[in-house]
Amino acid sequence: MVRVTSFYLSRILGNKIQNPSGANASLLDLIVDVSTIRPKVIAAKIKQSKDIKIVDFSLFEIYKEKGQYVLECSEFKEIDILNQDVIYLVKHIMDKQIVDMNGRKVVRVNDVRLALLSTGVFVIAVDIGMEGLLRRLGLAKPIKNILKPFKKSIQSKLILWDDVEPISSPRTDIKLSTSYVKLSTLHPSDLADIIEELDKKTQAQVFASLDDEKAADVLEELEVTAQINVLESLPIEKAADVLERMPADEVADILDDLKEEKAEELLNEMEKEASDEIKELMEYPENAVGSIMVTDFISFKTHFTVEQTIYELRKLKPEPDVIYYLYVTDNDDKLSGVVSLRDLVISEPETPLYEIMNREVISVMDTDNINSLVDIISKYSLLAVPVIDNDEKLVGVVIINDIVYELLKARKKIV
Amino acid sequence: MTKVKKSNFLTQLMLILGIIGPGLVTANADNDAAGIATYASVGAMFGYRMLWGLFIITISLAVIQEMAARMGVVTGKGLSDLIRENFGVKMTLFAMVTLLIANLTTTIAEFAGIAASLEIFGIPKYISVPLFAFIVWMVITKGSYKKAEKFFLIISLVYLTYIFSGFMAKPNWNEVFKNTFVPSFSLKSDFVLIFIAMIGTTITPWMQFYLQSSVVDKGLDTKHLKYERIDVFLGAFVTDFVAFFIIVTTAATLHKHGILIDTAGDAARALEPLAGKYAAYLFAIGLFGASLLGAHILPLSTSYAITEAFGFENGLNKKFKDAPIFYGIILFFIVIGAGIILLPNVPLIKIMLIAQEINGILVPIILIYMLKLTNSKEVMGEYTNSKTFNIIAWATVIFIIILTLILLVMPFVL
């Protein structure tokens with residue numbers, strides 16, 4: 001009899017369980033309490049003759065004899081785990097997809113690594129490597145022996161349990177109560193990449209668990225098909241709440257791709273102010289500057305003083321990418337000049353903007369083609385361009401980021 | 001944005017048209033190079049005698065395709081994903097090896113089709129096969145195969161001409177109808193073998209994987225199930241409608257004159273009543289489209305199935321070094337598929353038939369996995385198989401197994 005300190009789940013699954021009553025029993029699954037910091041195995045799902053039971057795992061012993069794992073149980077004591085925060089290792093983890101939080105991607109679990117301590121059995125890692133696959137097939141040892149003379153080894157890859165986010169299968173009726181807490185700590189682009197790799201049902205499920213703010217950031221980063229999928233599966237109120245938190249031009253883009261009825265339903269559900277803005281943007285043809293411009297830009301009146309302007313900026317706290325150029329309009333909202341942050345900082349507080357602004361503003365019409373925008377931006381090395389309408393009124397701003405996205409999209413289409 | 005509500009009928013129609021696709025496309029792609037060769041051989045060798053088989057296979061096909069589509073709609077997952085998650089690594093490996101063998105032989109058959117069709121235009125296989133192996137690789141890796149797919153599909157619609165040719169060949173309609181509904185059977189091994197090939201070309205392992213992924217890709221919901229069913233049933237009917245006429249046409253023209261099919265040119269002769277001296281060219285165009293379509297779908301869908309099951313990196317948006325196994329399988333399929341055809345003196349039509357026999361022998365394995373999954377409450381919830389579906393699907397499985405056993409036993413009995 002050899003004491004065991006750590007072992008793989010696959011090595012004990014299906015094994016016979018020795019017990020005083022001599023009943024014919026075998027191990028089907030292990031149930032782990034995930035409410036504590038260390039995930040401890042609290043119960044085992046076993047098959048005794050024909051019955052399937054959930055029994056207390058603290059009465060189990062595991063040791064090794066002649067290279068085989070032996071399971072021993074002093075008494076099959078059935079316990080109730082209904083109200084506990086648990087995960088079934090076979091049902092929810094083994095062979096399933098999980099998120100590797102460090103690699104920030106979806107991977108498939110080949111095996112689970114457990115540790116046997118004096119205080120109980122704990123889950124320490126999941127195996128996603130080739131070695132795990134071969135072990136399950138009973139091929140790991142022979143292949144290792146073959147490779148040994150060549151000084152090569154099979155790639156093994158373990159992910160610590162702390163870096164694992166389980167994703168329940170869409171048809172499992174027991175919801176995993178750990179509702180993707182770890183996932184919401186990821187950067188929205190990483191999270192978007194992960195969501196895209198999941199199947200449609202899980203996509204919707206993970207997305208629904210995010211708070212509105214995070215959901216809006218993630219939605220912006222998703223590919224069109226995933227965007228449509230999550231929007232169609234969310235309850236209409238939640239979907240509207242998420243969309244309200246996004247820039248109007250992005251929402252207009254997404255709604256353009258949705259079914260007309262669904263888009264209309266969402267617009268009706270949203271606050272009037274937001275939906276009006278979006279509707280306006282949606283009227284522009286797809287290749288017009290108007291369809292990609294941002295409408296919640298900031299502008300100042302010609303008679304504002306430098307001090308007033310800086311005071312306004314402090315109040316508005318604009319995003320970094322809209323603060324490069326501050327546009328100045330006259331009383332009819334016509335674009336009359338542009339002031340840079342530098343100009344503001346070096347001028348005396350009481351100077352009015354019309355004295356320091358640059359009157360030679362490069363601008364585009366909202367109905368111009370997007371391609372002309374690219375030329376202008378690269379020609380004058382701009383970070384943003386103001387957009388005016390027929391009456392020369394300032395109606396929006398296009399930021400270079402949005403153009404890069406447009407360009408990438410166009411390139412993808414050609415490929 | 002229009003605020004006008006569309007009439008109910010129109011919305012319904014738009015909905016149906018939006019959903020229809022995967023079933024019809026998959027079914028049509030199934031009339032590939034090997035399919036044409038098999039149906040044509042069935043007609044040429046045994047006349048109308050196997051029509052009843054096709055009639056029954058059509059029902060099986062519809063039921064089995066519906067199972068795949070339903071699984072895709074309900075779970076949102078591919079077939080290989082489901083196999084891995086529900087049966088573990090060993091059973092997954094078994095399923096994947098089955099798929100690999102069946103699909104590799106089919107890929108070889110598709111390249112045989114490319115070679116055979118272009119030989120009719122006088123292009124030797126030593127030029128056509130390497131060239132198109134390269135083109136297939138480029139189209140797949142450049143990610144433009146979705147567009148190419150539609151193009152090849154349209155070319156392969158040339159096979160609809162068999163329907164007209166079928167009428168113009170003036171078949172004995174009485175015989176046709178009688179044989180469609182009254183079974184006749186022979187225990188001779190060439191009869192059994194071609195019968196298995198006929199099943200294997202109609203209900204293939206790859207189709208189940210491909211159809212399910214297409215359905216998943218479309219993102220259909222359970223509320224679309226009714227329409228997806230129409231799509232799948234229509235697909236099964238249309239494919240076998242074409243197959244039916246290929247058999248009738250070749251039976252009425254080739255079988256009557258005792259011509260067996262050894263080359264693509266022989267199969268083309270069945271189109272003579274319609275196209276006269278242009279028959280060979282017409283046939284070649286269709287065969288070319290169908291083969292090229294298959295040569296794209298098979299490597300790609302096999303690679304997706306295998307990498308998904310084992311959790312290897314995959315996807316056409318990844319670079320070769322990030323997903324080496326994914327691209328490796330595709331490359332392997334194209335190299336072996338084209339390579340075997342380049343061997344001197346390989347009989348092209350024969351290869352297509354052998355591929356379908358292997359498919360037929362292996363298809364029950366995949367069907368058993370599908371039956372297990374579609375009957376599992378855990379996987380399908382309330383959408384498990386109905387009793388009728390189970391009976392038809394199991395009968396198909398058992399029937400093919402019996403045919404395979406006959407094939408194995410016969411050489412010893414006779």
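Mentor: Let us begin with Asp81(B), which counts as buried, its relative accessibility being 10%. Here buried means under 20% relative accessible area, exposed means over 50%, and partly exposed lies in between, with a 1.4 Å probe and protein chains only. This is a predicted model, in which local features need pLDDT of at least 70 and side-chain atom pairs count only at pLDDT 80 or more, while totals for chains, interfaces and linings use all residues. Residues are numbered from 1 along each chain as its sequence is written, chains are lettered from A and ligands numbered from 1 in the order in which they are written, and side-chain values use heavy atoms, with hydrogens and water left out.

The partner of Asp81(B) is Arg108(A): their side chains meet in a salt bridge of 2.3 Å, N to O. Because Arg108(A) belongs to strand β11 (residues 105–108) of chain A and Asp81(B) to helix α5 (residues 79–120) of chain B, the pair joins two chains. A salt bridge is a side-chain nitrogen of Lys or Arg within 4 Å of a carboxyl oxygen of Asp or Glu; helices (H or I, at least four residues) and strands (E, at least two) are DSSP runs, numbered from the N terminus. Arg108(A) is buried as well, at 3% relative accessibility.

A further bridge links the side chains of Asp199(A) and Lys77(B), at 3.8 Å from N to O. This pair also crosses between chains, running from the loop between α5 (188–197) and α6 (200–208) of chain A, which holds Asp199(A), to the loop between α4 (51–75) and α5 of chain B, which holds Lys77(B). Both residues are buried. These four residues and Glu85(B) are linked in a network of salt bridges, and the search of the whole structure finds 22 salt bridges over all chains.

Arg245(A) and Glu213(A) meet through their side chains at 3.0 Å, N to O. Arg245(A) lies in the loop between α9 (236–244) and α10 (248–257), and Glu213(A) in helix α7 (residues 212–221), so the pair ties together parts of chain A that are 32 residues apart in sequence. Arg245(A) is partly exposed, with a relative accessible area of 44%, and Glu213(A) is partly exposed at 43%.

The largest nonpolar core has 143 residues, of which Phe111(B), Phe283(B), Ile341(B), Met352(B) and Met370(B) touch the most other members. The helix α5(B) gives the most to this core, with 16 residues. Such a core is a set of buried Ala, Val, Leu, Ile, Met, Phe, Trp, Tyr and Cys residues joined through side-chain atoms within 4.5 Å. A second, separate core of 58 residues includes Ile167(A), Leu183(A), Phe207(A) and Met293(A). In soluble globular proteins, nonpolar side chains tend to be buried together.

Elsewhere in chain A, 5 of the 6 residues of strand β18 (residues 335–340) are buried, so this strand is largely enclosed by the rest of the structure. Strand β17 (residues 325–329) of chain A pairs with β18(A) in the antiparallel sense over 5 bridges, where pairing requires that DSSP finds at least two bridges between the strands. Within this pairing, Tyr327(A) stands opposite Val338(A) in β18(A).
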